[in-house]
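Hi everyone, thanks for coming. Let me put the sequence and the model up, and then we can walk through a few places together.

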Amino acid sequence: MAIVPVLPVRDIVIFPGVIAPLFVGRARSIKSVEEASISDKNLLVVAQKDSSSEDPGPDELYSMGTMCHVIQMVRLPDASTKVLIEGHVRAFVSSYVTSSDYLSADASAVTFEGDASPRAEPLRRAVLEQFERYVNLHPKLPIEIAFSLASVEDPFLFADIIASHMQVRISEKQDLLELLNPEERMDRILRILVRETELLEMEHSIHDKVRREIERNNKEYYLKEQLKAIQAELGQPDATNEYEELRVRIKKSRMPKDVEKKAYSELDRLAKMPSMSAEATVSRTYIEWLTEMPWRKRSRDRLDLGIARSVLDEDHYGLDEVKERILEFLAVQRLMDNEVRRGQVLCFVGPPGVGKTSLGKSIARALNRKFVNFSLGGMRDEAEIRGHRRTYIGALPGRIIQKLKQAGVKNPVMLMDEIDKVGTDFRGDPSSALLEVLDPEQNRDFTDHFLEVPFDLSQVMFITTANVAHTIPRPLLDRMEMISIPGYVAEEKLNIATRHLWPKVLQDNGIGKYSVKISDRVLNKIITEYTREAGVRGLDRQLSKVARKIAARIVNDSEAGHKPPKSVSVSAASLKGYLGAPKLHEARLPRADSVGAAMGLAWTESGGDVLVIEAVSMKGSGKVIFTGNLGDIMQESAQAALGYLRSCSQRYDLGSIEWDKTDVHVHVPEGSIPKDGPSAGVTLALSMLSAFSGRAIDSRIAMTGEITLRGTVLPIGGVREKALAAKRNGIVTVILPKENSVDVDELAEWARQGMTFHYVSHVSEVFNLALSAKASKKEKH
């Protein structure tokens, strides 16, 4: 035991056999070094437990240190001291002695008593090999250290030198210092070296990866700059700028997160493709479509019923029931919250030219929404609705997505024309694809084959139009609220022509600045003698023809040097010069009572019409002859009517007729037009009874109804169109099945005005109403 001065050190552990320079700056530590140097004593170097302590006490120092000899001491200008020490032996501190000048300790040298075992040499070699790997990987250790250790045979010195060069925590070095057995010390050193070597290898791997990435980025940057220069010389666009532009567009489009993720993924794929390849063109088109879709953009609804009513009245004359239905729909939308409000599906059913498409435009204008439309007529490919898959060059989304992009908002009014004329073939069934589009429960996640991501269609207001409802598939019809739009009578057409058609025709033909007058009498003449239709499309064409001839006359007068007229008046007398001879003649319908000629009411795609059904009887072999292009159902109705008359021949004074020697010929004029349906049954029965009995038919009566073999009259459809056709042709008395009386109650007041409706349940009632009491002598058989 001896009292020796103590030098506390931080961040280092001195091992025996190691020479190390130290910089001493603390006053007490300098005193300890001076005391050891002057008195030629050993200097005990002990590591601090806490390196941040400036004046460590006994509790902050380890109890094991190294006895060192001061080889050299040099004072530095900054009052610190540089000292070169050499470790000799480990020393254990029994107690520390604190004085006013420096710290000292009662310490004794500690050595290992014993010789090295046979295991020491193999262990030394293993440690040396691992240390060489460690030095090779460590950036702060020179490789010469490993070479110098190869000549150290003493296991005590060997282990201490390696421990002193290891870059590990102070606590681990202190543990190695406190291990006296050199073999145990080398075991511990080997484990530490293996661990540290693995960490260094991982660090090197990370550094190599980072370095390679940086080199690759630098290489890409260099090549891209070269590519830019080449493209600039060739006059080609910069692909890098295009990718950045697409990235900015994706960010600005405000698309949902999952869609945005797919867009960025596709953009990354595009960046790796040759810019001129066909696949890159498809990918670029796909990204552009994603960025141009209105994912969140919508127009603000204007659910003001007053404005909507004024817009509808301004754009359309009449159609009061239709307008009320539309206003009721808007009222419901106004009372619903935005979150609950869904896009509705309306179906306008009516003949051509009655304003179905223009009604859709008016609804969009009233709601302050964008309006888009397309036609479904003749569509046979399902891909027209769902889009084409991107596997094809030139693939595009379906019409729904295209029109949404055109509208620029996610809640437009979308009108689909001619839904009753959708076809089907080997390419699919478009009407089945429309089931998802028009179903509010499914269209929230409509997926187009091209986009391959869901798009919300629940805010779109779909409007469809059709001329007939029976050709629309039933599942599709169930998803739509049907609104029937009837044809117009002459009075309505006159108002439409005066308020809408004529002013528009003048503007469209460039004569709006001239005073061109046309009287109601002339308009009525055009309506009755030049057109016969449920709508006003033909009337518009005739008025346009008049306007074109007026424009031609004004231009001819101007070229001839004549002053253009200030006003032009279209008179009834001059109408033939504008439109030629009248196309329609009143003589088409019988205007006097006659035998065998009855007037029936028919429904057509252009509205209702009046058909003349003629029948004659003659000697023959009991045959029934049909002419006039009659369909199978109409021929069966005639057979049923004849069967009823033959079964009740005594009741109607037909007992004298020899049926097996009498032929019946049934004819419907205008043979080029196909005619079919069961509703002509009562008319056929009346016509044949008149031909057999010679009793004349009242020419002021028109009728419709299906007949059974027992003479029962069954209800029919299209009552509104048939009633308007009768009114349009000047027929004021109509016979209808009794069960169709509710349909007449639903007619507008103007449609019922001046009309007389008779409701029958048996064909005998029709005979009583329409047949004269006595047979004509000329016609009676």
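Valine 713 sits in strand E23, residues 713-714; helices (H or I, at least four residues) and strands (E, at least two) are DSSP runs, numbered from the N terminus. Before I go on, this is a predicted model, where local features need pLDDT of at least 70, side-chain atom pairs count only at pLDDT 80 or more, and totals for chains, interfaces and linings use all residues. Residues are numbered from 1 along each chain as its sequence is written, and side-chain values use heavy atoms, with hydrogens and water left out.

So, is valine 713 buried or exposed? Valine 713 is buried, at a relative accessible area of 6%; buried means under 20%, exposed over 50%, partly exposed in between, with a 1.4 Å probe and protein chains only. Setting aside neighbours within four places in sequence, its contacts include Val682, Pro737 and His762, where contact means heavy atoms within 4.5 Å.

Now to a sheet. Five strands form an open, parallel sheet in the order E8-E9-E12-E7-E13, where two strands pair if DSSP finds at least two bridges between them. Strands E8 (371-375) and E13 (481-484) are at the edges with a single partner strand each, so one side of each has no neighbour in the sheet. Inside it, five bridges join E7 (residues 345-349) to E12 (residues 461-466), and valine 349 stands opposite alanine 466 in E12.

Last stop, helix H19. Its buried residues include Leu539, Val546 and Ile550, and among the elements covering the buried residues are helix H17 (490-508) and strand E14 (515-518). After H19 comes glycine 561, with a positive phi near 90°.
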